[in-house]
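Hi everyone, thanks for coming.

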Amino acid sequence: MEAGTGVSQPAAIRNWFRTRGWRPHAHQLAMWRAAEAGRSALLVAPTGGGKTLAGFLPSIADLATAPRPGLHTLYISPLKALAVDIHRNLEAPIAEMGLDIGVETRTGDTPQRKRERQRRKPPQMLMTTPESLALMLSWPDASALFGGLRCVIVDELHALADNKRGDLLSLGLARLGGMAPGARRTALSATVADRDYLAGWLSPSAGREPDVEVVVGRGGIAPEIAIARMRGPMPWSGHMAVYALDEIHAAIRYHRTTIVFVNTRAQAELIFRGLWDLNEDGLAIALHHGSLAPEQRRKVEAAMAAGRLRAVVATSSLDLGIDWGDVDLVVQVGAPKGAARLLQRLGRSNHRLDRPSKALLVPANRFEVLECHAAIDAIRAGTLDGDAPEPGGLDVLAQHIAGVAASGPFEEEALFQEVRCAFPYRGLTRKTFSEAVDFVATGGYALGAYERYRRLKRDAAGRLRAANGDVVRRYRMNVGTIVEAVTLKVRLGGRVLGEVEEYFANTLTPGDTFVFAGRMLRFEGIREMTIRTSPATGEAPRIPAYGGGRLPLTTHLAERVRGLLADRRRWREFPPDVLEWLRAQDWRSVLPRPGGLLVETFPRGGKWYLVAYCFEGRNAHQTLGMLLTRRMERAGLGPLGFCASDYVLAVWSLREAEAVDELFSEDMLGDDLEDWMAESTLLRRTFRNVAVVAGLIERRHPGREKTRRQVTFNADLIYDVLRRHEPGHLLLRATRRDAARGLTDIRRLGEMLARARGRIELRRLDRVSPLAVPVLLEIGKEFVYGGAIEELLAETAAESESDLVAEAMSGADMAELPL
C-alpha cells in the first residue's frame, strides 16, 4: 500500500504518476479506496477534475496486478462520441504504463465484423451505450460474456437518470447484477442538484441499503462567462441568431479552438453555412450533429482531438464529457434553456481544474438576453435545474421483458424481483408487472386475438420465452427508447452525407436547393429511401428541420427571469435597446411580477388579443392555449388561434375576454383537459412513440423499414381499438403519463395556475405593448394553432416588424422614463 494514499498502487501506475510529476487527486484516491473495499461509488466533480481516470484507475490497477482475459470493465456513455473519446484517451496512459489491457468501443457505428469478433473474444474494457448494452443482454450467451464482469462505469449519469434511456439502462444494470453479482458500480457525474437521487439510482439495492459511497471532487476556478455585445440592434424575435455571425467568427479567430454550440440541428446547418461564407481566411471549421453520417462525425472528432480544427459547430452531440484540451472557448448560440445544460457545455473549454472555463453567450432575441443573464446568475450561485423524478416507463419495462425473453426462458417471479432492483422501478407492483408481462405475451385483452402480438409462450417448465425467432429479430432491430422519425439517406454522388427526416424530404421537388452537412445541394429525386442530390449554388436554400429538437425553458431559469424583470437595479447590465424595451413596457403597461401572472388585452386589426406572461416553457404554454381557446369558445368569444413561446402565450379572438380570472381557473385541468386530450392528436402522437418503444409497432422489420405514414396509420388503428375496448390498457396509461410529463407539461401548468390564483394582474390596453411584440412577430414563424390561420398569416406578412414596433413604442419618451 502506497504511504499516504490508502490504496495498493501497482508499480506501473506509481511510476506513471511519478515520471509526470503528478499525484492522484483526493477524489481519485477516494474512488480507488471504495473500489478496493468492493463498494459502489458515485463521483460528483466539475469538468476537468479527472473523473474519467478516477473511474478507471481501480480497474487498471486490478488488471495490472492480476491480468486475465475476458470482459472486466464495462463503460457506458450517453453519447457514441463520448465513448469513442474515452477509448482514445484511455489507450494512451495504458500504453505509457506498459500494460497489455484490451480497450475497445462498441456502438451502433461499430462495423459488424468487429462486433462479431467482440462477442467471441471480448476486450478487457468495453465502451458502449445503453442501447448496445440492451442488445448484448438479449444474446443467449450474455451470461458467459458478462459473468466475469468486475466493474460497470456509468459516465455522465445526470444525463441519463431522468429519462427513458436511463430507465432502460437501470433495467440492464439490474440484469447484469444477476449475471455478475460481484461487479461493483461506478458513476461519474457533473455537479447536480440532487446527489442522493443519483446515488439511489446507482445502488444495486435500488437505494434500500446505503451501498453507494458518494465522493465529491473539489471545485475548480470560477468560469468566465460573458454575453456577446453586438454592434447592431438586438432582434425582437427569432431563434437562429444569424445576426451575430460576424461576432462569432471574430471570436473564433481570436481563440485557439472553439466549440460553437447550438440548440437544434437546423440551427447548426445555418450557423455553419453562415460562418463558412464569412471565412475568407480559410479557418478550419467543421460541423457535427447526430444526423450526419458516422464516418463524417468520426472524422471531425479525430480532427478535433488532433488539434487540426479552429472551430466546430455542434449540437448536443458533443455536450458530454468530450476532452479536447485545446478548446479554450465555448460559444453558446441561443439561450441555453437550463443552467445545468450551460454548465455542461461550458466544461468543454479549458478542460482542467487550474484554468477557468470560458464561454460566450449569444442570445437570439431580447427575451433570450434575460435568459442568458439568468443562466449566468444560476451558475454563479451554484443552483441548478432539476425536476422531481418520475417512476420508470411502462413501455420501457415491456421492451426489457421482450429482451429478456430473447436471451432465453425466464420465470416471472424471479424477473419481477430483479426488475425491482432497478431504481426507477423500485415501487413497481406485482399487478402492474404482470400486466406488462401479459401485454408482451399476448398484446392484452383487446389485441389477444391477433397472432402477431403474441410474442411470448410458455415452455414445459412453465417459463416464458420468445414465441419464435422472428420475435427475437424484431426486438433486436428496434431496441432502444429514442423514437426518431423515419429518415432518408442523403447521397451526393457515391457518398452518403447523412440523413434527413422523411417529412422534410416529402416537401422537396426536383430542383429545390437545401443545405445539409455544410453543403449546398440540389434535390434530384428519391430512390429506395435515398435522396439523390447534386452540388448547387444560389440564394435562399432550405434548411432541414427535425422534430423534437427544441427544449423548453426550465422552471429554475423561468423563476430567475421573472426576478430579473422585477429588479430594476439589474437593468443597467442589459444592452441599451433591451433597457429601452423594458422601460417602455413599464410605461405603457407593467412588468410581470414574481409569484403573479400578468395578462394584457388589446385590440388590433379587428381582433382582440390576450397575452399572458407565464414563463413556463413552450410545452406548458401550448397546452394552456388549447385549454383557453376551448373555454373562450364556450364563452362566445370566438377564439381564432394562439401562438406560444417559452415566455409568453398570445390568443386572438373576435371579442374581448372579460372574466379573465375564470378563464385561468385551475379547474381547466379537470374535464377540459380530459376532453381536449381525448380529441387532440397529441395523445395519438404520444401513443405512437410509446407503442414503438414497447415493441407493439416495429418501425424496422426484417427485410423492410416502415414509412412514417405506415407507423402512424398502424398506431392510430391500435389506439382507437384500445380506447374503445380496453381503456385501462398498460400502454394507454403509459401514454397519459408521458403526455403529462412531456408534451403537455401539465405539472408546470398546474403549479402556475395555483400560483396565479387571486394574483392575476389584468391590464386593458389600447394597443400592443412592447413586451407583447416578440410573440406577435412569431406568428408565421412558429406553428400557429386555430382557425382562420391563412387570413392571419397574410395580414402578418403584409405588416412589417417596424410597424408593429412603432405602434408598441409610440409615445414613450425614453429621456423622461425613470429607471
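Predicted model: local features only at pLDDT ≥ 70, side-chain atom pairs only at ≥ 80, totals over all residues.

Let's begin with two strands, β10 and β11: β10 (residues 285–288) and β11 (residues 311–314) run parallel and are joined by four bridges.

Now, is β10 buried or exposed on its two faces? Both faces are covered. Ile285 and Leu287 are buried on one side, and Ala286 and His288 are buried on the other.

Next, let's look at whole sheets. In general, strands of a sheet pair through backbone hydrogen bonds, either parallel or antiparallel. Here we have an open sheet of seven strands with parallel pairing, and the order is β3-β4-β2-β5-β6-β1-β7. At its edges sit β3 and β7 (212–216), each pairing on one side only. On average, neighbouring strands of this sheet are turned by 15° against each other, ignoring direction. Helix α8 (residues 164–179) packs on this sheet and touches β2, β5 (151–154) and β6. The direction of α8 makes about 170° with that of β5. Inside the sheet, β1 (residues 40–44) and β6 (residues 184–189) run parallel, with four bridges between them. There, Leu43 has Leu188 in β6 as its bridge partner.

Then there is an open sheet of five strands, in the order β17-β16-β20-β19-β18, and its pairing is mixed. Which strands are at the edges? They are β17 (495–501) and β18 (513–516), and each pairs on one side only. Over four bridges, β18 pairs with β19 (residues 519–527) in the antiparallel sense. Look for Thr513, which stands opposite Arg522 in β19. A helix packs here too: α11 (residues 265–278) touches β17, β18 and β19, and its direction makes about 95° with that of β18.

On to the helices, starting with α4. How far apart should the ends of its 17 residues be? At 1.5 Å a residue, α4 (residues 80–96) should span 24 Å, and its end C-alpha atoms are 25 Å apart, so the two agree. Several residues of α4 are buried, including Leu82, Ile86, His87, Leu90 and Ile94. Among the elements covering the buried residues are α1 (11–19), α3 (51–65), β2 (73–76) and α12 (294–305). Strands β3 (103–105) and β4 (125–128) are included in that cover as well. Just after α4 comes Gly98, with a positive phi of about 75°.

Now compare that with α22 (residues 618–634). Helix α22 has 17 residues and reaches 25 Å from its first C-alpha to its last, close to the 24 Å expected at 1.5 Å a residue. Of those 17 residues, 12 are buried, so α22 is largely enclosed by the rest of the structure. Among the buried ones are Arg618, His621, Leu624, Leu628 and Met632. Following α22 is Gly636, with a positive phi near 75°.

Let's see two helices meeting. Two packed helices are described by the angle between their axes and the distance between the axes. The axes of α13 (residues 339–346) and α14 (residues 366–381) come within 9 Å and cross at roughly 75°. Angles of 65 to 115 degrees count as roughly perpendicular, and α13 and α14 are therefore roughly perpendicular to each other. At the contact, Ala339, Leu342 and Leu343 in α13 meet Ala375, Ala378 and Ile379 in α14. The residues of this contact divide into six nonpolar, no polar and no charged.

Last stop: two loop residues. Ala206, in the loop between α9 (195–202) and β7, has a phi near 60°, a positive value in a residue other than glycine. Lys337, in the loop between β12 (329–333) and α13, has a positive phi near 75° and is likewise a residue other than glycine.

Are these two buried or exposed? The cut-off for buried is under 20% relative accessible area. Ala206 has a relative accessibility of 2%, so it counts as buried. Lys337 is buried too, with a relative accessible area of 12%.

How values were computed
Residues numbered from 1 in each chain as written. Heavy atoms only, no water. Expected span 1.5 Å × (residues − 1). Buried < 20%, exposed > 50% of the residue type's maximum accessible area, 1.4 Å probe, protein only. Contact = heavy atoms within 4.5 Å. Axes fitted to C-alpha atoms, helices over the stretch in contact; angles between N-to-C directions. Parallel < 35°, antiparallel > 145°, perpendicular 65-115°, else oblique. Nonpolar A, V, L, I, M, F, W, Y, C, P; charged D, E, K, R; others polar. Pairing = 2+ DSSP bridges.
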